[in-house]
Amino acid sequence: MTKTAERRPPAPAAVPPAPAPPPTRDRARRRLADQARAYAFLLGGLLCFALFSWYPAIRAVVIAFQKYTPGSPPEWAGTANFTRVLHDPEFTAAWRNTLTFTALALLIGFAIPFVLALVLNELRHAKAFFRVVVYLPVMIPPVVSALLWKWFYDPGTGLANETLRFLHLPTSNWSNGTDTALVSLVVVATWANLGGTVLIYLAALQSVPGELYEAAELDGANLLQRVRHVTVPQTRFVILMLMLLQIIATMQVFTEPFVITGGGPENATVTVLYLIYKYAFLYNDFGGACALSVLLLLALGAFSALYLRLTRTEGDA
């Protein structure tokens, strides 16, 4: 017998040599070109911010120290504008109304969106329908919304008093009463801005792991205990951030007092932003208006820094 020749495996094909890495200069040139294209895309947004946000803000700070009247050259006035607005009786009333409005908005308008988000998160049917219903007020233009509520609050033929008369209950002056006007405006602002806050809370709730709720249920926790020990800690960052944004927004309220009450009755709803409008467009005092704007900016900046500092310290502890 002849021995069978052993079959040798075919020789592997020659592997082509790896391409040489590009020179460092070429990589730097390509990186620079990519960065240039990125900044070119951002240029439009930066120009819009510079033209419509940064320049007016800087210009307002400059005018706050000037005697500025349209049609005449500005004159340097130092701190005279600040002294004048600080001694204005409406200044105290405006800040008191603004701070009261902010406090009432936190009491009324901060808890309600969170509760609605909890309810929507627990629904099993028609979730999309109720989300649209909750978000509808946000899609209505603010001025249109304020006009609708102005008719609703009309003490004569408004829907609010007509409903109370139908139920044989005492009527109210609503936005025309010195004691009820500010609360009425808080209700309007809460209703108008409810939808966006609810959707943000709902997104935060849906990001909470379901295993935490299952573990809490196995431990015998009821609904309130699950909300307190699971939901609130897991959504704490969103709650704190929305609280800060709501405080900043409510301290700049303008549309509701401008459209519904006109700052009345008896300056009961004059806010800082509405007083700025009066200085600029009714008194023709742009220096005083800019001085008020700078004071409001400083107050909001100081509060925001303090708030973030306190919440960060509490979180680290």
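Helix H15 contributes the most to the lining of the second largest pocket, with seven residues. Here helices are DSSP runs (H or I, at least four residues) numbered from the N terminus, and a pocket is an open set of points on a 1 Å grid over the protein atoms alone, where a 1.4 Å probe fits, with protein on both sides within 12 Å along at least five of seven lines. The model is predicted, so to speak plainly about its limits: local features need pLDDT of at least 70 and side-chain atom pairs count only at pLDDT 80 or more, while totals for chains, interfaces and linings use all residues. Residues are numbered from 1 along each chain as its sequence is written, and side-chain values use heavy atoms, with hydrogens and water left out.

**Second largest pocket**
- This pocket holds about 370 Å³ of space, a volume being the space filled by probe spheres set on grid points that are joined across faces, edges and corners.
- Its lining has 14 residues (each with an atom within 4 Å of a point), and Gln 252, Ser 293, Val 294, Leu 296 and Leu 297 lie nearest the centre.
- Helices H1 (24–63), H14 (272–282) and H15 (286–316) each give two or more residues to this lining.
- By class, the lining has 10 nonpolar, four polar and no charged residues, where Ala, Val, Leu, Ile, Met, Phe, Trp, Tyr, Cys and Pro count as nonpolar, Asp, Glu, Lys and Arg as charged, and the others, Gly among them, as polar.

**Largest pocket**
- The largest pocket has a volume of about 620 Å³.
- Among its 31 lining residues, Ala 189, Ala 192, Asn 193, Ala 249 and Thr 250 are the closest to its centre.
- Elements giving two or more residues to the lining include H3 (89–109), H8 (181–192) and H12 (236–250).
- The lining is made up of 20 nonpolar, 10 polar and one charged residues.

**Around H14**
- Buried residues (under 20% relative accessible area, with a 1.4 Å probe and protein chains only) in H14 include Val 272, Tyr 274, Leu 275 and Lys 278.
- Asn 284, which follows H14, has a positive phi near 60 degrees.

**Backbone points to check by eye**
- Most residues other than glycine have a negative phi, and most peptide bonds are trans.
- The Gly 264 to Pro 265 peptide bond is cis, with omega near -5 degrees, and Pro 265 sits in the loop between H13 and H14.
- His 168 has a positive phi of about 60 degrees and lies in the loop between H7 (159–166) and H8.
- Trp 174, in the loop between H7 and H8, has a positive phi of about 50 degrees.

Note on methods: Buried < 20%, exposed > 50% of the residue type's maximum accessible area, 1.4 Å probe, protein only.
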